[in-house]
Amino acid sequence: MQQLHQQHVNVQQPDPVEQIQNYIDEYYSLPITRESLAQMLNYSVPYIAKQFKQKTGRSIIDYLIQIRIQKARQLLIHTTLSLQEVASSVGYEDVSYFIRIFKKHSGLPPMKFKQQPNQHKSYRPMYRFSLSNDKKWIQHYISNDNYY
């Protein structure tokens, strides 16, 4: 450290949040826990959880689930893998848990998601329909104007 200081080399501490995100992006299919991430980075679990939440606005586990669901969607759309194979390739060994978590985050069970035409597989609601302001898609809260 003295040599680096004498040579005027600034040593930056790597950002633990970026390290966690990079690790999850690359190894999402492996079993990942907050404890294993904290141990890998030599920080405490509360510290990395707080830092991650402050910087990203979500928990580490929520980020992990988001990445896994995104990868599962891609596999369901672009491959013919079975549901068991998709679940295990994104890090879920229990297929029933994978189905529940996929439905919770996608709104549809995985097999219904896979059976939909590609035009309806957009993750962004604005692009789900050809015209987002088309009157037939607008839902009125009160359908009877004489209700009052």
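Buried means under 20% relative accessible area, exposed means over 50%, and partly exposed covers what lies in between, with a 1.4 Å probe and protein chains only. This is a predicted model, in which local features need pLDDT of at least 70 and side-chain atom pairs count only at pLDDT 80 or more, while totals for chains, interfaces and linings use all residues. Residues are numbered from 1 along each chain as its sequence is written, and side-chain values use heavy atoms, with hydrogens and water left out.

**Whole chain**

Show the protein as a cartoon. Its secondary structure comes to 8 helices and 0 strands. Helices (H or I, at least four residues) and strands (E, at least two) are DSSP runs, numbered from the N terminus. Along the sequence the pattern reads α-α-α-α-α-α-α-α. Of the 148 residues, 25% count as buried. Contact here means heavy atoms within 4.5 Å. Among contacts between residues at least 6 apart in sequence, 50% join residues at least 24 apart.

**Stop 1: the aromatic cluster**

Select Tyr92, Tyr97, Phe98, Phe102 and Phe113. These residues form one aromatic cluster. Rings of Phe, Tyr and Trp (its six-membered ring) pair if their centres lie within 6.5 Å; planes under 30 degrees apart count as stacked, over 60 as edge-to-face and the rest as tilted. The count by this rule comes to 7 aromatic pairs. Begin with Tyr92 and Phe98: the ring centres are 5.8 Å apart and the planes stand at 40°, so this pair is tilted. Phe98 is buried because its relative accessibility is 0%. Tyr92, at 5% relative accessibility, is buried as well.

Next, go from Phe98 to Phe102. Their ring centres lie 5.8 Å apart with the planes at 50°, so the pair is tilted. Both residues are in helix H7 (residues 95-106), 4 residues apart, which is a separation of about one helical turn. Phe102 has a relative accessible area of 0% and is buried.

The charged end of Arg68 sits over the ring of Tyr92, 5.0 Å from the ring centre. The criterion for a charge over a ring is NZ of Lys or CZ of Arg within 6 Å of the ring centre and within 35 degrees of the ring normal.

**Stop 2: H2 against H4**

Select helix H2 (residues 16-27) together with H4. The two pack at an angle of about 90°, with their axes 9 Å apart. Axes are lines fitted to C-alpha atoms, for helices over the stretch in contact, and angles run from 0 to 180 degrees between N-to-C directions. H2 and H4 are therefore roughly perpendicular. Angles under 35 degrees count as roughly parallel, over 145 as roughly antiparallel, 65 to 115 as roughly perpendicular and the rest as oblique.

Show the side chains. From H2, Pro16, Val17, Glu18, Ile20 and Gln21 meet Tyr47, Ile48, Gln51, Phe52, Lys55 and Thr56 of H4. By class, this contact has 6 nonpolar, 3 polar and 2 charged residues. Ala, Val, Leu, Ile, Met, Phe, Trp, Tyr, Cys and Pro count as nonpolar, Asp, Glu, Lys and Arg as charged, and the others, Gly among them, as polar.

Centre on Phe52 in helix H4. Phe52 is buried, with a relative accessible area of 0%. Leaving aside neighbours within four places in sequence, Phe52 contacts Val17, Ile20, Gln21, Gly57, Arg58, Ser59, Ile60 and Tyr63. From Phe52 to Tyr63 is 11 residues in sequence and 9.6 Å in space, C-alpha to C-alpha.

Move to Lys55, also in helix H4. Not counting residues up to four places away in sequence, Lys55 touches Asp15, Val17 and Glu18. Lys55 and Glu18 are 37 residues apart in sequence, and 9.6 Å apart in space, C-alpha to C-alpha.

**Stop 3: H3 against H4**

Arg34, Glu35, Leu37 and Ala38 of H3 meet Val45, Ile48 and Ala49 of H4. The contact of H3 with H4 has 5 nonpolar, no polar and 2 charged residues.

**Last stop: the loop**

Select Asn42, in the loop between H3 and H4. Is Asn42 buried or exposed? Asn42 is exposed, with a relative accessible area of 69%. Check the backbone too: Asn42 is not a glycine, yet has a positive phi of about 60°. Most residues other than glycine have a negative phi.
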